[in-house]
Amino acid sequence: MPTAWAPPGAPEAPPCANQSCAPHDLVLLGFAHVPTLRPLLTALFLAMFLLTLLGNALIVLLTALDPALRAPMYFFLRHLALLEICFSLDIAPRLLGTLLRPGWGVSPAGCALQLVLVLSCVTSECFLLTAMAWDRYVAICRPLRYGAIMSPRLCHLLAATCWLAGVPVSLVFTIWLFSFPFCGPRGIRHFFCDIAPLLSLVCGDTRVFEANVLAATVLVVMVPFCLIATSYTGVLATVLRMPSATGRHKALSTCASHLIVVVLFYGTTGVIHLRPKASSSPESKQVVSLSYTLVTPMLNPLIYSLRNKEVKAALGRVCVQRRRTHIP
C-alpha cells in the first residue's frame, strides 16, 4: 500500500505526542478543535463504551442461557449484540487513546485494518437488520408456517451470511483506497479511519473510486433498507386486517424495538456513506458518526430490554436464580 507524504511547503500535521509516531504514520485529529473539552469527552466516551460492552454482553448471556429466549428473533438479537461489541472494540479504544494522547500516530497498516473492520461491521449490520425484519414479517404474516420457515438451519445460515457479507466489500475498498498516493498532510480530521477523511489526503483522481463506493453503498445500505421497508409494509397491512385491538398492539410491539434501531442506524449511516466527499465540515461529520459508532450500540440493549417483556422477565429470572445460588 504505497504512500507518498507531503512535499516541502505542504501543511504540517500536528506534532506527535512524546515522539509516539513514526515519520510515515497517520495522525487522528478527532475533536482536536475542542481541546478544552477533551477531559469531559474522555469520561463521557469511556462511560458509553463500558455501558455498550455491559449491555450487549448481558443481551448475549440472556439469549444464550434463558430457555424462554430461544426464538429466532432472540437468536438474531444475540448476533446483533455481538456485532455491536465488535464494532465498539474497533472504534472506542483508539478514540480514547486519541483524546488522552493528542497526536498519537497510527500506521497506514493499522489504519487500513480499522477501516476493514468498520466497513465489515457496517455491512454486516445492514444485512442483519434485514434478516431481523424478515423474521418479524414471517412471524406476523405467515404465523402457521413460521416454525417451518425459520428453522435453526436457516437461522444459522442467515447469521453466517450476514457476518461474512462485509468481508469482501471491506477488503476491496480498503486495498483500493490505500493504493492511492497520500500526498496531503498526515492529519486525519476524524476520530477513526473512514473513507471520507482518508479521501481528503489523496492527491490522485478518485472519481472512479467514489462512483464505486456510491454504487456499493446503494447495494449495501439502500437495498437492505428497501427490503426492511417492504417487510414492514407487509406487516402493517396484516396488522390492520386483524380484528382484535389487543392482537394489533401485540404484533406491533414486537416490531417497535427493531424499527427504532433501524431508524437510528440508517438515519446516520446513510448520511455519511452515501456522500463520502460531501461539503459538510469534518467536525459535523464526526458528530454524526458518533451516532452509529457509539450512541446506537449503547442504546440497542436499552431499547430491546426496556420495550420487551420477555427480555425483562428473563433478566428477572437470572437475577433470582443467582440470588438463590448465593443463599446458604
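**Core.** I began with the largest nonpolar core, which has 63 residues, and Phe-31, Phe-45, Phe-76, Leu-129 and Tyr-266 touch the most other members. By nonpolar core I mean a set of buried Ala, Val, Leu, Ile, Met, Phe, Trp, Tyr and Cys residues joined through side-chain atoms within 4.5 Å. Buried stands for under 20% relative accessible area, exposed for over 50%, and partly exposed for in between (1.4 Å probe, protein chains only). Next I listed the elements that give two or more residues to this core: α1 (38-65), α2 (72-100), α3 (108-141), α5 (152-177), α7 (207-240), α8 (245-273), α9 (282-306) and α10 (309-326). The largest share, 14 residues, comes from α2. I also noted another core apart from this one, of 22 residues, with Leu-28, Phe-209, Val-213 and Ala-216 among them.

**Ground rules.** This is a predicted model, in which local features need pLDDT of at least 70 and side-chain atom pairs count only at pLDDT 80 or more, while totals for chains, interfaces and linings use all residues. Residues are numbered from 1 along each chain as its sequence is written, and side-chain values use heavy atoms, with hydrogens and water left out.

**Phe-76.** I then checked the neighbours of Phe-76, leaving out residues up to four places away in sequence: Leu-128, Ala-131, Met-132, Asp-135, Met-150, Cys-155, Leu-158 and Ala-159. Contact here means heavy atoms within 4.5 Å.

**Whole chain.** I counted 10 helices and three strands, taken as DSSP runs (helices H or I, at least four residues; strands E, at least two) and numbered from the N terminus. Their order from the N terminus is β-α-α-β-α-α-α-β-α-α-α-α-α. Of the 328 residues, 49% are buried. Among contacts with a separation of 6 or more, 79% join residues 24 or more positions apart.

**α1 against α2.** How do these two helices cross? Their axes come within 9 Å and cross at roughly 160 degrees, with axes being lines fitted to C-alpha atoms over the stretch in contact and angles running from 0 to 180 degrees between N-to-C directions. The pair is therefore roughly antiparallel, a label for angles over 145 degrees. The residues of their contact divide into 21 nonpolar, five polar and three charged.

**Ala-160.** Last, I looked at Ala-160 in helix α5. Its relative accessibility is 36%, so Ala-160 counts as partly exposed.

Notes: Parallel < 35°, antiparallel > 145°, perpendicular 65-115°, else oblique. Nonpolar A, V, L, I, M, F, W, Y, C, P; charged D, E, K, R; others polar.
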